[in-house]
Amino acid sequence: MENKPKIAIYPGSFDPLTNGHVDIIERALKLFDKVIVSVMYNPKKQSLFSVQERVDMIRESIGKKANLEVDSFDGLLVDYTRMKNAVAIIRGMRAISDFENEFQMALMNRRLNRDVQTIFLMTGLRWIFTSSSIIKEVATFGGDITGMVPQPIKLRMLEKFPPREVK
Ligand code: PNS
């Protein structure tokens, strides 16, 4: 058996980080020696926050942990996993609607790099309906996102979208 530390990458747009993501990070930390949360580019999505803002927001929300790194990468996920000597890619799975896209990505990543395994963690029941996009939509119209995102994220969202007075 190899004695190398088991490193996992948790990639995503994290635009912004939600409590659902935090739950996945905490659970992944129990399974691996080191978890690297990496903000990556998803060509299918237009982002609200810059990559640097998202990295800073994740750092503010999670705080410092010895076995956690927060990073970003502009390129193929499989190249990044090689660069970081990672053995696994972590993805959260919420509902059947996530499945098709995740299945496609996992199989493509496996085709491109057979040395890395995609591991799906079922999203905690409390966060099944939470997504960055729905949170952005609610916040855009001045809705309350308390309890869905960490406090530093809520504050950043409030800066972008001050609460509206509905008359
Ligand atoms: O949070 P998201 O938007 O669902 O994350 C998707 C992400 C960023 C992990 C995916 O788009 C990705 O891996 N981007 C990096 C480029 C890449 O490797 N694309 C091929 C994936 S099969």
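**Backbone and ligand site**

Guide: P16 sits in the loop between β1 (7-12) and α1 (19-31); helices (H or I, at least four residues) and strands (E, at least two) are DSSP runs, numbered from the N terminus. This is a predicted model, in which local features need pLDDT of at least 70, side-chain atom pairs count only at pLDDT 80 or more, and totals for chains, interfaces and linings use all residues. Residues are numbered from 1 along each chain as its sequence is written, and side-chain values use heavy atoms, with hydrogens and water left out.

Visitor: Which peptide bond is cis?

Guide: The bond from D15 to P16 is cis, with omega near 5 degrees. In the loop between β1 and α1 there is also F14, whose phi is positive, about 45 degrees, although F14 is not a glycine.

Visitor: Is F14 buried or exposed?

Guide: Buried means under 20% relative accessible area, exposed over 50%, partly exposed in between (1.4 Å probe, protein chains only). F14 counts as buried because its relative accessibility is 3%.

Visitor: Which residues come nearest to the ligand?

Guide: A residue is near a molecule if one of its heavy atoms lies within 4 Å of it. Of the 14 residues around the ligand, S13, N42, K45, L77 and R91 come nearest.

Visitor: How far is the polar side-chain atom of S13 from an oxygen atom of the ligand?

Guide: The distance is 2.4 Å for S13, and a polar side-chain atom of R91 lies 2.8 Å from a ligand oxygen.

Technical notes. Polar contact = N/O pair within 3.5 Å; in protein donor to acceptor, adjacent residues only side chain to side chain.
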